[in-house]
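Please consider the structure shown below.

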Amino acid sequence: MRGFLASSSGVPPLTLRSIGAACAAVLALAQAPPASASMSGAMSGSGGAVPGSTRSLPLAPLSRDGVPGAVPEQGLRRTGLGRFALLGVVWEDPGAELRGRVRVRTRSAVTGKWTGWQDVEAHADHGADPGTAERSARRVRGATAPLWVGASDGVDVRVRAEKAGGRSALPPGLRLELVDPGGDTGEAPAAGAVAGEPPRTALDTEAAIAASGANADIAAFGTTEIPELDRPATEREMTRLQGPSRGKPYIGPRPKIVTRRGWGADESLREHGFVYTKKIKAAFVHHTASGNKYTCAQAPSVIRGIYRYHVKSMGWRDIGYNFLVDKCGRLYEGRAGGVAKAVFGAHTLGFNTDSMGVAVIGSYGTTQPPGAAVTAVARLAAWKLGLYGADPRAKTYLTSGGGSGNLYPKGKKVRLNVLSGHRDGYATECPGKRLYAKLGTARTGAARYQGR
């Protein structure tokens, strides 16, 4: 099922109220006199911030491709590049699988030394639902997961097909994507500042107003961080947004959330407008599979890199996840449209309808997820699922949208945990064996935060 546009009559009352708040904010800004220098600086962040960029380089066949019976392999080695900090490999057909191994090593832009070889997760298992405009867009590509490599200026990549049944091949149009997230890749945003936001333009301003306005029903317009609330204040806010509850409201205290403005989203990258689903019946937990070699101070840069990779390299309308969590347990707004709303994401192909996706930044197949991150998932689930009356310990039914890799055919009603892992609906290792093992803890904690 397609998500609802912001103008759709299918948008729940919570969404309609916030749309009105956003429109009021836009109108007020449009009618206001020109901003002073100090106000302009507050709106645009540091004028000296470096905007992000993406470099796309075609991979070339390696010498062994000419040897009869050799396994196909492509790659490139390049130095003297501009700085980048995140990379991935994309190809033309989003429905094609890369059956093989992707390895990279990079040269540090600081020390000039090369790293050892690292594996890149060959399958980006997230995606928009089949039949949606986002999935059907001609620019959508197949892709590996992104890998965070830190400030680098040289790269060596090898993509080798696996040989199965005497046949092996690589998808056509392989390209290496090198992403510079912009800003300072070593610092966290200061309170009240916008880290790494590019210089303001007319397009950026319009899109930034809309993204910030989508949260205007629960936070000050233009804020970089939505503050946490205690339980009584959260219940009062819920009553204000939705009206009096017929029974006891089971909802966790609203956690602190860094907004898109807070992590420095370049709003000119994404498609304009927001798409909503009807409600939130379930939450899917993911890991970004981007590696664990980042500091918590670098998390905003990692998110900007993933955002740019999802939009510019993979062709999605916005970052796929609704929320992200760093290893220190800090929560971040993902896809634009309002943190309290049922924003239609691209996180669990076939099950994006009536669900949300939260990704823990890192790779947790063999690495134990930090306790702070698991707690953050529980707190977020307790609040967001509580807004829609969902018990994180319960099960619910979602209708499969189908798609390659989906465990269930299109149209099948599937009984899933309200708080599920990505692998529960899709043939994937996500969110990693170690993080998946912690979902029981997250469910119990979320229910406790809800007062159940």
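**Charged pairs and a helix contact**

Arg-317 counts as buried because its relative accessibility is 12% (buried means under 20% relative accessible area, exposed over 50%, partly exposed in between, with a 1.4 Å probe and protein chains only). The model is predicted, so local features need pLDDT of at least 70 and side-chain atom pairs count only at pLDDT 80 or more, while totals for chains, interfaces and linings use all residues. Residues are numbered from 1 along each chain as its sequence is written, and side-chain values use heavy atoms, with hydrogens and water left out.

The side chain of Arg-317 forms a salt bridge with that of Glu-271 (3.2 Å, N to O); the term denotes a side-chain nitrogen of Lys or Arg within 4 Å of a carboxyl oxygen of Asp or Glu. Glu-271, at 30% relative accessibility, counts as partly exposed.

The structure holds 21 salt bridges. One of them joins the side chains of Glu-134 and Arg-335 (2.8 Å, N to O). Both Glu-134 and Arg-335 are buried. Another salt bridge pairs Asp-391 with Arg-393 (3.5 Å, N to O). Here Asp-391 is buried, with a relative accessible area of 18%, whereas Arg-393 is partly exposed at 48% relative accessibility.

Attention now turns to the helices. Thr-234, Glu-237, Met-238 and Gln-242 in helix 5 meet Trp-383, Gly-386 and Leu-387 in helix 8 (contact means heavy atoms within 4.5 Å; helices are DSSP runs of H or I with at least four residues, numbered from the N terminus). The residues of this contact divide into 3 nonpolar, 3 polar and 1 charged (Ala, Val, Leu, Ile, Met, Phe, Trp, Tyr, Cys and Pro count as nonpolar, Asp, Glu, Lys and Arg as charged, and the others, Gly among them, as polar).

How values were computed. Helix = DSSP H or I, 4+ residues; strand = E, 2+ residues; numbered from the N terminus.
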